[in-house]
Amino acid sequence: KLAEFERGQCQQFEQELKKEKEHWETDWRRNFEEKQLPRELEDWQKRLEEQKEGARINKRILSLDVIRDRNADWLGFVVGCERDIFILGLDGELCWTRTYESWHYEDPFTGERHEEMKLALTEEPWSSCYRTLGDVDGDGIDDLAVFGSKEIVVATTKVENGQYDLVPAQTIELERNWDPRQGRLLDDLDGDDVKDMLYLRHRENQSPLATLVSSASGKKLLEVEYEPQNITLDLACADFDGDGYEDTLQFRRWAEEGPKLEILSGRARNVIWDFAEYHEERLFRAVNYYGPIMPAAPISDISGDGVTDLALVKNLTWQPGAQVVIYDIANCEIVKTVVLEETDPGRHRELRWHPAFLVKEVGDFNSDGSKELAVITALGDTEEKKEARLLVVDVQNDEVIADFQALGSEFMSLGQGSEFGVVGLSGELYFLNVANNLQITSPAAESTQGSPLQIEWVGIDPGAFNQVFVDGIEVGRTNENEFALPIAQGEHELKIRSLDEYGRGVYQTVRFRVEKESSAATRAIALLAMLVVITLWPVLSRFIIKYRRRRVHHG
């Protein structure tokens, strides 16, 4: 009986304990769901909102450059943001990423951090900017210059098992803090086949001092006065005078009598050539542009003397007109002029030339063995109608082959046959494709035609906006693939410009001649007139005979 009583007491205690446990679990669950969980969710929401402002969502691009892995024949982008660095493929695939503050990416529920994502190459890594130097260590992969606020780090790029890593190779300490976004790379100054670096040193009551440093050795190469918003330098640009030294292009936005372009000798640093025909810079202010301006660039030898020539671009301010002028600096002469926009001979105003925004030789897009010229300049009939356009110019054939509605501060080679990139004013990157299928089917090149001329073309999107130019003058606009117009005798140049929905214009040009009585319609009319005369000749002859007899009789 005692044993049975003890068992009953145990079962009763177990039941009470189970009820108490269920009651406790119910109260805990209710307390968690009604009080603790909402409070924690509110805390997590506040943390996420704070992170949206300054951490997790802030991916404003501070620097953008192309990186190449020649071992794998691979091309991609290195992107620097406020706290992060990314390596992306051309298709946008994320290949590698690191951050300076891994706690921004901790799990909001567990607090777990991904410490393997942490990377700090400079003492104060926030807002660092990354630029591609080229292959510093000779392993076939581009290495980087990391511009920090207190130092510049040359970091070599390593790839192991498909994973990227950046390893500091050398550090250049700076005298005082500065804005990393002002860091620049220059063409090779010291002959080691690697780009060199430029940083600014601010001075009291004086222009900033630009210091040029070797990326390979870290040695100081040169110091020059430099005002970023006024002066644009292209150091070690090219050997324009044939003395064996790389010369410097220097553009001043504000000089005594207007903008000025100068070439400084790479040997003596004196001015060996200048262009003082620019008189305006107001179109830069019209679009609020204060970035780097370089209206000229070295171009492959056009003159045939074996020395690099200079391509200079200018446009008129208050009327239509834009040109690319090729200069042979070594012989002080103009080689040729390529017209980008015809001037209006009916406007008798002073020709006040304005510099282009940016000029650079890019790829050989039409496979003729010569590189094309990329130009950003202002086009339009009046100052109010002027707009910046990017044009791709075939200098060898004196023609524009494409144009785009894009304004940027830097051209980038993408290693693709007909493509190149433009870095926009807000850090965005435009992928531009020059290839097109536009073909003029009538008239044929070098053919003989009559008037009126029937023009036909193919290879464009339906409804595209098309312009017809004859001898540089616009004669018609249409959304169709054909156009007819009367035309005078002689040699003529026909150009079709087709503008697609994205603002890309493509061009095709043919040359032909018009001769008198060459048209099939004219010959048909003449033949018809002869047949009418022959048919009516018997009647006409009797009438003429009667008229003559009557006249003799009256006489």
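This is a predicted model: local features need pLDDT of at least 70, side-chain atom pairs count only at pLDDT 80 or more; totals for chains, interfaces and linings use all residues.
Residues are numbered from 1 along each chain as its sequence is written, and side-chain values use heavy atoms, with hydrogens and water left out.

**View 1. Overview of the protein chain, with 3 helices and 36 strands.** Helices (H or I, at least four residues) and strands (E, at least two) are DSSP runs, numbered from the N terminus. Of the 555 residues in the protein chain, 43% are buried, where buried means under 20% relative accessible area, exposed over 50% and partly exposed in between, with a 1.4 Å probe and protein chains only. Among the contacts with a separation of 6 or more, 46% are between residues 24 or more positions apart, a contact being heavy atoms within 4.5 Å.

**View 2. The open sheet of 4 strands in the order E5-E6-E7-E8.** The pairing in this sheet is antiparallel, and two strands are taken to pair if DSSP finds at least two bridges between them. Strand E5 (129-134) and strand E8 (163-173) stand at the edges with a single partner strand each, so one side of each is left without a neighbour in the sheet. From one strand to the next the twist averages 30 degrees, with axes being lines fitted to C-alpha atoms (for helices over the stretch in contact) and angles running from 0 to 180 degrees between N-to-C directions.

**View 3. Strand E7 with its partners E6 and E8.** Because 7 of the 10 residues of E7 are buried, this strand is largely enclosed by the rest of the structure. Strand E6 (residues 143-147) is joined to E7 by 4 bridges, with Leu-144 having Ala-155 in E7 as its bridge partner, and the two strands form a hairpin with 3 residues between them. On the E8 side, 10 bridges join strand E7 (residues 151-160) to E8 in an antiparallel arrangement; Thr-156 has Val-167 as its bridge partner in E8, and Thr-157 stands opposite Leu-166. The hairpin of E7 and E8 has 2 residues between the strands, and Asn-161 in the turn has a positive phi of about 55 degrees.

**View 4. The open antiparallel sheet of 3 strands in the order E26-E27-E28.** Strand E26 (408-413) and strand E28 (429-433) are the edge strands, each pairing on one side only, and the twist averages 30 degrees from one strand to the next. Strand E27 (residues 419-424) runs antiparallel to E28 and is joined to it by 5 bridges, with Leu-432 in E28 as the bridge partner of Phe-420.

**View 5. The second largest pocket, with a volume of about 1,200 Å³.** On a 1 Å grid over the protein atoms alone, a pocket is an open set of points with protein on both sides within 12 Å along at least five of seven lines, and lining residues have an atom within 4 Å of a point. Grid points are joined across faces, edges and corners, and a volume is the space filled by probe spheres set on the points. The pocket is lined by 40 residues, of which Leu-340, Glu-341, Glu-342, Phe-469 and Gly-472 lie nearest its centre. The elements giving two or more residues to this lining include strand E32 (465-470) and strand E33 (473-478), while E20 gives the most, with 5 residues.

Methods:
On a 1 Å grid over the protein atoms alone, a cavity is a set of points where a 1.4 Å probe fits but cannot get out, and a pocket is an open set with protein on both sides within 12 Å along at least five of seven lines; lining residues have an atom within 4 Å of a point.
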